[in-house]
Amino acid sequence: MADTYELLASTVVRLGKFARPFETVDQLVNRILDTCEATLDATSSDDVVSDGDVKDFDWQTPPDLTHTKVLSVEFNKMKFPRAETTWNSVLMEAIRVAAERVDSKDELKRLILVNYVVGTKEDEGYRYLDDVKISVQGQDANAAWKAASHIAYRLRLPFEIAFTWRVKKGAVHPGVMGRFLFSGKIKPKVKII
């Protein structure tokens, strides 16, 4: 005898929005699961090829990060969970740290190079950061990194970020693994007379 599972009425209504005529509940759930698995597979690292060597890149003059996938992040001595290893997650964390550390709104405004508004805004690509009470507009990889590294440099926040270029047309280093590394310490400039 098959197992029986109870579903809430609200769940059945949600499932009904995706149902096809004459489709059983089992067929519907399996079709939805197939779609989810295909989406996960499409965003997995299958299109990432690397020989295992990691190349250090100058984070202050980075190469084009279009078509990169972030593999690991340690930012301000905090290791990110795998699900949050994105360029925008690095930016959001940098903004959170900046909001905690700076004393004035003007100083915060100078640190944040991307569009943001005080309060809640969740359209036009904005994401609300409840803990700092601002909404920040999402960025592409290059803009997110530029803004995050600006904050990191100004506040001396150490980081180590590993990433790889996907094997795609338009990627500047297809299949290459890269790393940005900053100790949080700035070497003094030497003046030669």
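## Basis

The model is predicted, with local features needing pLDDT of at least 70 and side-chain atom pairs counting only at pLDDT 80 or more, while totals for chains, interfaces and linings use all residues. Residues are numbered from 1 along each chain as its sequence is written, and side-chain values use heavy atoms, without hydrogens and water.

## Aromatic residues

The structure holds 15 aromatic pairs (ring centres of Phe, Tyr or Trp, the last by its six-membered ring, within 6.5 Å; planes under 30 degrees apart are stacked, over 60 edge-to-face, the rest tilted). Trp145 and Phe159 form an edge-to-face pair, because their ring centres are 5.2 Å apart and their planes stand at 90°. This pair joins distant parts of the chain, 14 residues apart: Trp145 lies in helix H5 (residues 141–155) and Phe159 in strand S7 (residues 159–165). Helices (H or I, at least four residues) and strands (E, at least two) are DSSP runs numbered from the N terminus.

Trp145 is buried at 2% relative accessibility, and Phe159 is buried at 3% (buried is under 20% relative accessible area, exposed over 50%, partly exposed in between; 1.4 Å probe, protein chains only). One aromatic cluster includes Trp145, Phe159 and Tyr153. The charged end of Arg156 sits over the ring of Tyr153, 5.3 Å from its centre (CZ of Arg or NZ of Lys within 6 Å of the ring centre and within 35 degrees of the ring normal).

## Arg96

Arg96 belongs to helix H3 (residues 87–101). Its relative accessibility is 19%, so Arg96 counts as buried. Leaving out residues up to four places away in sequence, Arg96 touches Arg127, Leu129, Asp131 and Val132 (heavy atoms within 4.5 Å).

## Surface patch

Leu7, Val12, Val25 and Val29 form a nonpolar surface patch with about 330 Å² of accessible area together. Patch residues have over 30% relative accessible area and no salt bridge; like charges are joined within 9 Å, nonpolar side chains (Val, Leu, Ile, Met, Phe, Trp, Tyr) within 5 Å. Areas come from the Shrake-Rupley method with a 1.4 Å probe, and for residues only the protein chains shown count as cover. A salt bridge is a side-chain nitrogen of Lys or Arg within 4 Å of a carboxyl oxygen of Asp or Glu. Leu7 lies in the segment before helix H1 (9–16).
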